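Student: I am new to this structure and would like a close look at a single part of it. Could you take me through the aromatic ring pairs and what surrounds them?

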Amino acid sequence: MKKIGVLTSGGDAPGMNAAIRAVVRSAIYHGLEVVGIRRGYSGLIQGDIMPMELGSVADIIHRGGTMLFTARSEEFRTPAGQDRALEVIQEHGIDGIVVIGGDGSFRGAKVLCDRGINAIGIPGTIDNDIACTDYTIGFDTAVNTVIEAIDKIRDTATSHERTYVVEVMGRDAGDIALWAGVAGGAESVLIPECKYDIKEIVEKLERGANRGKKHSIILVAEGAGKAFAISEVIRELTGKETRVTVLGHIQRGGSPTAFDRTLASRMGSHAVELLIKGECAKMIGIQGNQIVATDITQALATPRKPDMSLYNLAGVLSI
């Protein structure tokens with residue numbers, strides 16, 4: 001292992017830059033050359049590659065997004081695209097690649113390994129929807145962004161004595177809504193992994209109103225339903241005015257939290273160590289505050305389940 005590459009793929013997540021920095025500096029520390037592959041697998045196919053030095057990653061640990069940019073590549077899914085990517089890797093003398101992204105990015109890393117290129121995956125996605133790791137890079141920052149928004153919305157909700165339905169990201173996984181709901185004191189949390197009865201939500205709102213509660217926050221993961229539709233049903237059943245806030249891509253941006261910066265740094269360094277040892281098709285994760293490596297195939301095949309104890313706690317605390 002003399003020369004490694006690093007790329008980011010799929011949706012951006014706060015902390016990706018910290019992971020890039022850790023990969024580059026750890027590799028140089030161990031005497032390796034490093035190149036940055038811009039725009040993910042698309043850039044790999046196109047040969048959009050630049051050398052990385054210590055100064056290349058200066059002053060990026062605190063920045064959101066990814067300095068290497070990111071893209072989704074349909075071409076890499078084809079044998080022709082994979083052949084071209086392999087040619088580029090060989091032309092540049094790259095011995096191993098660190099892939100930072102989500103499950104789609106990891107499937108690409110597995111393809112590289114099957115083609116004889118050592119690849120290690122680092123989970124970077126705000127959804128926290130990757131199995132075999134307690135947390136993914138960017139999740140903590142996204143949750144804190146949602147909490148900050150909820151705190152501000154609650155001020156207005158209290159002033160106008162209204163119910164607000166807040167929609168957050170989470171098409172297939174509701175961790176952002178669940179964690180932000182508990183930390184933000186939401187009255188109801190709706191996630192795609194658990195069924196809910198809108199009538200029970202309305203009953204909870206009415207119980208709160210009867211004891212003098214002036215406002216409510218309902219947090220909805222996008223995969224559990226659309227906020228505008230849920231708001232309309234609540235209005236029809238209660239006759240009370242509701243408001244909707246869809247946070248959207250604001251959840252992806254912003255300076256990463258200390259937790260995400262540290263997690264990304266630990267994962268990036270460990271990925272380099274695994275490449276040096278000749279490992280391939282591994283995903284870096286954190287379990288019980290320990291950095292671990294899991295076979296990518298196992299991580300992709302294992303369903304990611306929500307923390308039901310936390311979900312039940314959300315119901316208890318919002319009684």
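Tutor: Happy to; we will start with the ring pairs and then follow one of them into its helix.

A word on the basis first: this is a predicted model, in which local features need pLDDT of at least 70, side-chain atom pairs count only at pLDDT 80 or more, and totals for chains, interfaces and linings use all residues. Residues are numbered from 1 along each chain as its sequence is written, and side-chain values use heavy atoms, with hydrogens and water left out.

A pair of aromatic rings is described by the distance of the centres and the angle of the planes. Rings of Phe, Tyr and Trp (its six-membered ring) pair if their centres lie within 6.5 Å; planes under 30 degrees apart count as stacked, over 60 as edge-to-face and the rest as tilted. Searching the whole structure gives five aromatic pairs.

One of them joins tyrosine 41 and phenylalanine 76, which are stacked, with 4.3 Å centre to centre and 15° between the planes. Tyrosine 41 belongs to helix H2 (residues 40-46), while phenylalanine 76 sits in the loop between strand S3 (49-51) and helix H3 (79-91), so this pair ties together parts 35 residues apart in sequence. Here helices (H or I, at least four residues) and strands (E, at least two) are DSSP runs, numbered from the N terminus. Tyrosine 41 is buried at 4% relative accessibility, and phenylalanine 76 is buried too, at 5%. Buried means under 20% relative accessible area, exposed over 50%, and partly exposed in between (1.4 Å probe, protein chains only).

Now look at tyrosine 135 and phenylalanine 259: their ring centres are 5.4 Å apart and their planes stand at 85°, so the pair is edge-to-face. This pair links distant parts of the chain, 124 residues apart: tyrosine 135 is in the loop between strand S5 (118-123) and helix H5 (139-160), and phenylalanine 259 is in helix H9 (residues 258-276). Both are partly exposed, tyrosine 135 with a relative accessible area of 26% and phenylalanine 259 with 35%. Ring pairs also bring in Phe139 and Trp179, making a cluster with Tyr135 and Phe259.

Let us follow H9 onward. Among the buried residues of H9 are Leu263, Met267, His270 and Leu274. After H9 comes glycine 278, with a positive phi near 85°.
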